[in-house]
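I opened my notebook to look up how this chain is held together.

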Amino acid sequence: MVVRLNEQERAEKLQPLLEAGWTLVEGRDAIFKQFILKDFNQAFSFMTGVALLAEKINHHPEWFNCYNKVDVTLSTHDVGGLSSQDIRMANHLETAANLLK
């Protein structure tokens, strides 16, 4: 069962993501980051790779794509905030983006 991150988990697992450019979303328990890729093909490839993990773990990001930009917001609706699933997805997004650099 997925549960909301407690304060200790937030301090340990969320801080590295904030240092990597993720930001807290004002007004809700969520994180956001904009990824800027080389072009539309790279952005679409990035999203396709992330979609495979999203389906596998049944945890889907809120995202928006415009040409080479992919805006991603993560939050677990079932628990009303951030969970370990969001941390896992954010780390996967970071890895996928770094592989494309």
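I count a residue as buried when its relative accessible area is under 20%. Lysine 33 comes out at 13%, so I noted it as buried. I kept in mind that this is a predicted model.

**Entry: the partner of lysine 33.** I found lysine 33 in a salt bridge with glutamate 94, at 2.7 Å from N to O. The two sit 61 residues apart, glutamate 94 in helix H3 and lysine 33 in strand E2. Glutamate 94 is buried too, at 12%.

**Entry: other salt bridges.** How many salt bridges are there? I got four. Arginine 4 pairs with aspartate 29, with the closest N and O atoms 3.0 Å apart. Arginine 4 precedes helix H1 and aspartate 29 is in the loop between E1 and E2, so this pair ties together parts 25 residues apart in sequence. Arginine 4 is partly exposed at 41%, while aspartate 29 is buried at 15%. I also saw Arg4, Arg10 and Asp29 linked in a network.

Arginine 28 pairs with glutamate 62 at 2.8 Å between the closest N and O atoms. Arginine 28 lies in the loop between E1 and E2 and glutamate 62 in strand E3, so parts 34 residues apart are tied together.

**Entry: the sheet.** I traced four strands in an open antiparallel sheet, ordered E1-E2-E4-E3. E1 and E3 stand at the edges with a single partner strand each, so one side of each lacks a neighbour in the sheet. E2 and E4 pair over six bridges. Helix H2 packs on the sheet and touches E2, E3 and E4.

Terms used:
Residues numbered from 1 in each chain as written. Predicted model: local features only at pLDDT ≥ 70, side-chain atom pairs only at ≥ 80, totals over all residues. Heavy atoms only, no water. Pairing = 2+ DSSP bridges. Contact = heavy atoms within 4.5 Å. Axes fitted to C-alpha atoms, helices over the stretch in contact; angles between N-to-C directions. Salt bridge = Lys/Arg side-chain N within 4 Å of Asp/Glu carboxyl O. Buried < 20%, exposed > 50% of the residue type's maximum accessible area, 1.4 Å probe, protein only.
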